Amino acid sequence: MNYVKINFLGGIISPGDLLEILELLDHLYIRYVSFGLRQQLIIPVEEEFIPALEAGLERKGIPYEVNSEVYPNIVSSYPAEDIFIQGTWLSEGVYRDILDGIDFSPQLKINISDSNQSFTPLLTGNINWVASVNEAHFWHLFIRFPKTNVVYPWTELVHTQDVASFSKSLESLLLSDLPAFYDQENASGVELMSRMNLKPYILRRAQESAKLPDFNLPYYEGLNRYNNRYWLGIYRREEKFAVAFLQEACQLCLATKVGQMGSTPWKSLIIKGIEEADKGAWNLLLEKHQINMRHAANELNFQVEDHSPEGLALKQFLVKHLNEEDTRSFGLSIGIKTRKKSEVFGGIVVRRRPVLWGLFHVYDILCANDFNPNQRTGSLYGSGLPKFILGEQLRRAILSFYKFRSSKMKVSTVPEIVQEETKLSLCQCPACLTIYNPAYGDESQQVSAGTLFEDLPADYVCEMCEAPKLTFVSIS
């Protein structure tokens with residue numbers, strides 16, 4: 001199947017712009033689209049419809065690519081802002097200032113990330129900007145050299161107003177015919193930066209190295225309350241979004257003054273800023289198009305390459321095994337890799353490789369350092385595995401992740417938690433009988449373990465049926 005790719009910079013999508021594209025697809029009888037790992041729109045299209053689609057996009061002035069990735073999309077953590085990221089200086093306006101300042105079509109991958117999150121990958125680009133924690137409007141720079149696994153953290157911070165132009169100059173340098181100072185494992189960041197003309201930029205010496213967060217994947221689907229509004233996260237098991245559904249979603253956004261959508265690196269969609277009065281309309285739309293919610297974390301934390309039916313089938317095979325074994329995988333990212341020149345975001349990566357001239361395949365299981373997908377591969381858990389034992393080996397690798405997490409916890413905190421648990425009162429939702437246990441908190445709503453029921457925010461709702469906090473009753 002051929003495909004057309006459209007970049008929405010930073011994963012920020014205007015409902016009006018998307019609706020124009022969807023109406024064009026509807027006229028061409030294209031029924032499904034998907035979103036890619038780099039937050040781009042991917043349109044599968046039969047070859048005979050490509051000329052008409054190209055003509056329509058060109059009439060509307062929409063840049064696109066056909067069956068190619070010459071211009072990778074710019075990834076940003078903006079879709080997570082306000083809902084998974086709070087209390088940082090990096091606001092919507094800052095993201096927009098940077099993206100509006102990019103006056104070229106990057107050929108290298110650029111990531112723009114808040115350091116206070118792990119929902120979007122920090123270092124999967126070639127030019128990776130990570131917001132400074134302590135110095136507002138300054139950014140750490142991590143360079144991952146093309147065609148290598150070498151990451152160079154630069155020692156200077158760059159001001160927000162210079163991120164766009166600095167990226168342009170740095171890309172030009174990396175793509176030029178300079179000596180191969182970044183060839184394979186001999187890449188030299190010092191040599192590269194010595195060739196940059198730094199005079200035009202506002203720079204500051206970093207007082208300390210950037211602290212990359214531990215990975216923690218929030219539950220990113222469902223209709224959820226935040227502040228005084230709601231956000232809607234939509235995940236599709238087959239990675240297919242019906243054009244008809246998206247058309248109506250765009251129309252509802254426009255009718256209720258929701259100004260933007262966000263595509264995520266998990267190939268899902270996030271819509272923020274839904275008012276309480278409009279919640280019912282969104283629920284009716286989800287019901288009309290049979291959009292399922294509340295998938296298991298075993299599904300949500302997988303990442304599969306774009307345009308990879310083999311990878312998607314392998315994911316479903318592994319998810320089935322994990323579900324049958326009732327295996328927990330919360331807090332872990334699992335990547336599926338079926339091609340050599342592809343990249344997925346995973347603390348554990350399952351890699352398929354051919355043997356016997358491609359007649360058969362075997363599988364490797366690789367673990368990143370500390371199981372953090374922003375780190376390099378740290379160990380090879382299993383090599384040359386046949387498919388029939390792959391699911392069980394993956395389950396054991398996941399158990400090793402939790403063993404690693406336990407080893408990092410201070411032993412002294414364990415008796416305190418056990419002792420405290422006997423004193424904490426339990427509260428139950430009368431509608432669906434879900435119990436809130438303070439010892440565990442509520443992962444789905446980012447409530448940490450140890451939070452007493454009376455300390456929950458007033459707008460807390462039951463994680464299963466969304467009954468309000470005030471209806472809960474004490475049962476112990």
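A: The model is a predicted one. Asp459 forms a salt bridge with Arg225, in which the closest N and O atoms are 3.6 Å apart. This pair links distant parts of the chain: Asp459 sits in the loop between strand 24 (435-436) and strand 25 (473-474), Arg225 sits in strand 13, and the two are 234 residues apart.

Arg225 also forms a salt bridge with Glu276, and here the closest N and O atoms are 2.8 Å apart. Arg225 belongs to strand 13 (residues 222-226) and Glu276 to the loop between strand 17 (269-274) and helix 7 (279-288), so this pair ties together parts that are 51 residues apart in sequence. As for accessibility, Arg225 is partly exposed at 28%, and Glu276 is partly exposed with a relative accessible area of 43%.

Another salt bridge joins the side chains of Glu156 and Arg205, at 3.6 Å from N to O. Because Glu156 is in strand 11 (residues 156-159) and Arg205 is in strand 12 (residues 203-205), the pair ties together parts that are 49 residues apart in sequence. Glu156 is buried, its relative accessible area being 18%.

Elsewhere, Lys5, Glu65 and Glu69 are linked in a network of salt bridges. In total, the structure holds 22 salt bridges.

For the helix contact, take helix 9 (residues 309-324) and helix 10 (residues 387-408), whose axes come within 9 Å and cross at roughly 60°. The two helices are therefore oblique to each other, and helix 9 passes helix 10 in a right-handed crossing. On the side of helix 9, the residues in contact are Leu314, Phe317, Leu318, His321 and Leu322; on the side of helix 10, they are Lys387, Leu390, Gly391, Glu392, Leu394, Arg395 and Ile398. Sorted by type, the residues of this contact divide into seven nonpolar, two polar and three charged.

Terms used: Residues are numbered from 1 along each chain as its sequence is written. This is a predicted model: local features need pLDDT of at least 70, side-chain atom pairs count only at pLDDT 80 or more; totals for chains, interfaces and linings use all residues. Side-chain values use heavy atoms; hydrogens and water are left out. Axes are lines fitted to C-alpha atoms, for helices over the stretch in contact, and angles run from 0 to 180 degrees between N-to-C directions. Helices (H or I, at least four residues) and strands (E, at least two) are DSSP runs, numbered from the N terminus. Angles under 35 degrees count as roughly parallel, over 145 as roughly antiparallel, 65 to 115 as roughly perpendicular and the rest as oblique. A crossing is left-handed if the near helix is turned anticlockwise from the far one by less than a right angle, and right-handed if clockwise. Contact means heavy atoms within 4.5 Å. Ala, Val, Leu, Ile, Met, Phe, Trp, Tyr, Cys and Pro count as nonpolar, Asp, Glu, Lys and Arg as charged, and the others, Gly among them, as polar. A salt bridge is a side-chain nitrogen of Lys or Arg within 4 Å of a carboxyl oxygen of Asp or Glu. Buried means under 20% relative accessible area, exposed over 50%, partly exposed in between (1.4 Å probe, protein chains only).
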